[in-house]
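Subject: Structure for you to look at

Hi,

Here is the structure I promised. Please open it, then read my notes below.

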Amino acid sequence: MKLPVRSSLNKITAGSRPNRSSCLSFSTFSWAGPRSLDEIVKKELMVDKNAEEVSDIWIKYHEEKPSVHGMVLKGEEGLGVLSRAKESPFFIQPVFRDDGFFMLVCQYQADQHFLMAYLEDYKMDPARASPLLTFSLFPDYAEELDLTLVRTDVINNGVLDDEALKVVQGMLDAYRKDDEYENVRNFNKDPELFDIDDYISRQNQRWKSANDST
């Protein structure tokens, strides 16, 4: 999916402009992670299991895998994230280190996958930007068990595993929560309403709170 978001991207670094057209996309990236739930676990193992049991199987399975992480959402929450991502497929997430930060850009790709790369690489040439991580939502049990399974694959050491988890949680919250989705919508539809400074400040506070709780 492609969407013109050049105005929002340009607001992040004054004077910097992408050197491609306004329709941006990871057009040359070959998806590295699994595209369906069947490629990860044997669904027959989930037969007659309740939501708590399926969640436990999912989390424990990923605990044994390097650079791969499992999360869970409520079924309706996951479906809502995917529905909103179709409407607003681009967003950003800062990664804070020491006294600074760098920015990642996220692009949704149908039907349930998200790619994240360095924003500056993406602005220079979207077709050549290499994703640092991907995450996918699997709503296979959304109606039956009110459960959406989430998988994160860290595919580049440019981000640490704990940073990747914070980033993905931030992305899920951005699409899941009504008040935060307003930022996502503005970023995609009304870039003049997207307050980048306020957004970065709020994300910084979130990271500090997460660090204080660990």
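Start with Asp178. Asp178 is exposed, with a relative accessible area of 58%. Here buried means under 20% relative accessible area, exposed means over 50%, and partly exposed is in between (1.4 Å probe, protein chains only).

A word on the source. This is a predicted model, where local features need pLDDT of at least 70, side-chain atom pairs count only at pLDDT 80 or more, and totals for chains, interfaces and linings use all residues. Residues are numbered from 1 along each chain as its sequence is written, and side-chain values use heavy atoms, with hydrogens and water left out.

**Salt bridges**

Side chains of opposite charge can pair when their charged atoms come close. A salt bridge is a side-chain nitrogen of Lys or Arg within 4 Å of a carboxyl oxygen of Asp or Glu. How many salt bridges does a search of the whole structure find? The search finds 12.

Asp178 is in one of them. Its partner is Arg84, at 2.7 Å, N to O. The pair links distant parts of the chain: Arg84 is in helix 3 (residues 75–87) and Asp178 in helix 7, 94 residues apart. Helices (H or I, at least four residues) and strands (E, at least two) are DSSP runs, numbered from the N terminus. Arg84 is partly exposed, at 22% relative accessibility.

Next, Lys43 and Asp140 form a salt bridge (3.1 Å, N to O). Lys43 lies in the loop between strand 2 (23–24) and helix 2 (51–63), and Asp140 in strand 7 (residues 133–141), so the pair ties together parts that are 97 residues apart in sequence.

Then look at Asp173 and Arg206. Their side chains meet at 3.6 Å, N to O. Asp173 is in helix 6 (residues 161–176) and Arg206 in helix 8, 33 residues apart. Asp173 is buried, at 6% relative accessibility. Arg206 is partly exposed, at 27%.

**The largest pocket**

A pocket is an open set of points on a 1 Å grid over the protein atoms alone, where a 1.4 Å probe fits, with protein on both sides within 12 Å along at least five of seven lines. Lining residues have an atom within 4 Å of a point. Which residues lie nearest the centre of the largest pocket? They are Asp179, Glu180, Asn183, Asp198 and Arg202, out of 15 lining residues. Strand 4 (90–97), helix 7 (178–189) and helix 8 (196–213) each supply at least two residues of the lining.

Best wishes
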